[in-house]
Amino acid sequence: MKNVTSWNNLDKKIFIIPRAIDEKIFHKVSKKIAHSKIKKIDPDLKIKPNAYPIIFFPHRMDANKGEVFLPKLCELISTRYPNSIILATFDKKHDFKIPNLISLGWIPTEYMKYFYSISDLIISMSLLPWCWRCSSWCR
């Protein structure tokens, strides 16, 4: 590889760019504090004390984030874990008729940390890869 010019000094051309996460907003809080904040945000949201696992799907509907797999995933999880809850940030109008799925609707960024903090598992599964070169979903 030394003879290939594009490989020469490659280590000087590679840079690590850390993901831009605002740690002032996104930081873990205790589950007790998170539950109390969530009750203030949405008093109607009922999370049973014995819910396990609490799974968070923080994506909008129709965003190619794997939402088409969610009904089957919910079915598989609820079979193995009957007390499971899946919290999704879909509009409440999207009704999959899945008993353990709770559509939360839009959650403001500053409150997302509470939902991340109470969750035992976060699901993130894109169907299409993001193209950094053209800043769009590859098709």
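Analyst: Let us begin with the idea of strand pairing, on which much of the description rests: two strands pair if DSSP finds at least two bridges between them. Please keep in mind that this is a predicted model.

User: How are strands of a sheet held to one another, and in which order do the strands of the open sheet stand here?

Analyst: In general, strands of a sheet pair through backbone hydrogen bonds, in either a parallel or an antiparallel sense. In this model, an open sheet of four strands has the order β3-β2-β1-β4, with parallel pairing. β3 and β4 stand at the edges with a single partner strand each, so one side of each has no neighbour in the sheet.

User: What joins β2 to the strands β1 and β3?

Analyst: Strand β1, residues 54-57, runs parallel to β2 and is joined to β2 by four bridges. Within that pairing, I55 has I86 as its bridge partner, and F56 stands opposite L87. Towards strand β3, residues 101-103, β2 pairs in the parallel sense over three bridges.

User: Which way do the residues of β2 point, and are they buried or exposed?

Analyst: In strand β2, residues 85-88, I85 and L87 point one way, whereas I86 and A88 point the other way. All of these residues are buried.

User: How are aromatic pairs described, and how many does the structure hold?

Analyst: A pair of aromatic rings is described by the distance of the centres and the angle of the planes. The structure holds four aromatic pairs. One of them is formed by Y52 and Y81, with ring centres 6.1 Å apart and planes at 80°, so this pair is edge-to-face. Y52 lies in the loop between α1 (31-41) and β1, and Y81 in the loop between α2 (70-80) and β2, so the pair ties together parts that are 29 residues apart in sequence. Y52 counts as partly exposed at 49% relative accessibility, and Y81 counts as partly exposed at 33%.

User: What arrangement do the rings of F56 and F115 have?

Analyst: Their ring centres are 5.9 Å apart and their planes lie at 25°, so the pair is stacked. This pair links distant parts of the chain, with F56 in strand β1 and F115 in helix α3 (residues 109-118), 59 residues apart. Both F56 and F115 are buried. Ring pairs also link F56, F115 and Y116 into a cluster.

User: Where is S119 placed, and what does its side chain reach?

Analyst: S119 lies in the loop between α3 and β4 (121-122). Its relative accessibility is 10%, so S119 counts as buried. The side chain of S119 reaches the backbone oxygen of F115 at 2.6 Å. Leaving aside neighbours within four places in sequence, S119 is in contact with K31, I54 and F56.

User: Finally, which residues are in contact with T109, leaving aside its neighbours within four places in sequence?

Analyst: They are I25 and F26. T109 is found in helix α3 and is partly exposed, with a relative accessible area of 38%. The C-alpha atoms of T109 and I25 are separated by 7.9 Å, although the residues are 84 apart along the chain. For the protein chain as a whole, among contacts between residues at least 6 apart in sequence, 65% join residues at least 24 apart.

How values were computed
Residues numbered from 1 in each chain as written. Predicted model: local features only at pLDDT ≥ 70, side-chain atom pairs only at ≥ 80, totals over all residues. Heavy atoms only, no water. Buried < 20%, exposed > 50% of the residue type's maximum accessible area, 1.4 Å probe, protein only. Helix = DSSP H or I, 4+ residues; strand = E, 2+ residues; numbered from the N terminus. Phe/Tyr/Trp six-rings, centres within 6.5 Å; stacked < 30°, edge-to-face > 60°. Polar contact = N/O pair within 3.5 Å; in protein donor to acceptor, adjacent residues only side chain to side chain. Contact = heavy atoms within 4.5 Å.
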